[in-house]
Amino acid sequence: MRKIIIDTDPGIDDAFAITAMALCKEVEILGICSVGGNKGIEVTTRNALSLVQWLDSSAPVYKGAAQPLNEMGGASHTEDAIHGANGLGGVFLPANPEGLAAQSAEDFIIDMAEKYPGEVEILALGPLTNLALAAEKDEAAFKKIKAIYSMGGGVLC
């Protein structure tokens with residue numbers, strides 16, 4: 001069974017990808033890491049938790065970086081026009097107060113890379129900030145990740 005970490009800023013598109021992965025019988029979702037992107041970190045973390053509950057998944061959620069590295073301490077850009085005020089296009093899922101792990105996303109990524117060397121695959125659906133922080137923190141562990149699949153995105157000019 002493939003071992004997957006989903007790194008995400010759950011908006012509409014990421015919600016579909018997370019749902020597809022949760023329904024896939026060939027993967028084990030080790031955890032879902034939130035990251036600030038389409039919306040702020042509080043909203044993306046809440047959306048990840050709500051999706052996990054809605055999907056009846058046992059995947060833990062790890063709160064990640066609030067902003068891109070080049071904006072640390074500054075204002076972040078969000079996509080209200082595309083993803084709506086709640087990040088899910090106005091679809092409101094019940095809040096899930098449980099399921100948030102105490103460990104940070106970057107530390108979780110490092111720990112899983114060490115625990116399952118050469119097996120962990122990361123599905124990167126949002127900004128790559130958590131991955132960058134994990135690579136900076138422990139490059140040797142980060143190199144043990146089998147693969148990273150990135151959904152890509154846009155560039156603001």
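User: In this model, is Leu 125 buried or exposed?

Analyst: A residue counts as buried when its relative accessible area is under 20%. In this predicted model, Leu 125 has a relative accessible area of 5% and is therefore buried. Leu 125 is placed in the loop between E4 and H5.

User: Which residues are in contact with Leu 125, beyond its neighbours within four places in sequence?

Analyst: With those neighbours set aside, Leu 125 touches Ile 6, Asp 7, Thr 8, Asp 9, Asp 14, Ala 17, Ile 18 and Met 151.

User: How many helices and strands does the protein chain have, and in what pattern do they follow?

Analyst: The chain has six helices and five strands. Along the sequence they run β-α-β-α-β-α-α-β-α-α-β. Of its 157 residues, 46% count as buried. Among contacts with a separation of 6 or more, 81% are between residues 24 or more positions apart.

User: Which residues meet where H4 and H5 are in contact?

Analyst: H4 contributes Ala 105, Glu 106, Asp 107, Ile 109 and Ile 110, while H5 contributes Asn 130, Leu 131, Leu 133, Ala 134 and Lys 137.

User: Which residues of H5 are buried, and what covers them?

Analyst: Thr 129, Asn 130, Leu 131, Leu 133 and Ala 134 are the buried residues of H5. Their cover includes H4 and helix H6 (139-142), together with strands E1 (2-8), E2 (27-34), E4 (120-124) and E5 (147-150).

User: Is Glu 42 buried or exposed?

Analyst: The cut-off for an exposed residue is over 50% relative accessible area. Glu 42, at 51%, is therefore exposed. Glu 42 belongs to helix H2 (residues 41-54).

User: Which side chain is joined to that of Glu 42 by a polar contact?

Analyst: The side chain of Lys 63 is joined to that of Glu 42 by a polar contact of 2.5 Å. Gly 64 lies 22 residues from Glu 42 in sequence, with a C-alpha to C-alpha distance of 9.9 Å.

Methods:
Residues numbered from 1 in each chain as written. Predicted model: local features only at pLDDT ≥ 70, side-chain atom pairs only at ≥ 80, totals over all residues. Heavy atoms only, no water. Contact = heavy atoms within 4.5 Å. Helix = DSSP H or I, 4+ residues; strand = E, 2+ residues; numbered from the N terminus. Buried < 20%, exposed > 50% of the residue type's maximum accessible area, 1.4 Å probe, protein only. Polar contact = N/O pair within 3.5 Å; in protein donor to acceptor, adjacent residues only side chain to side chain.
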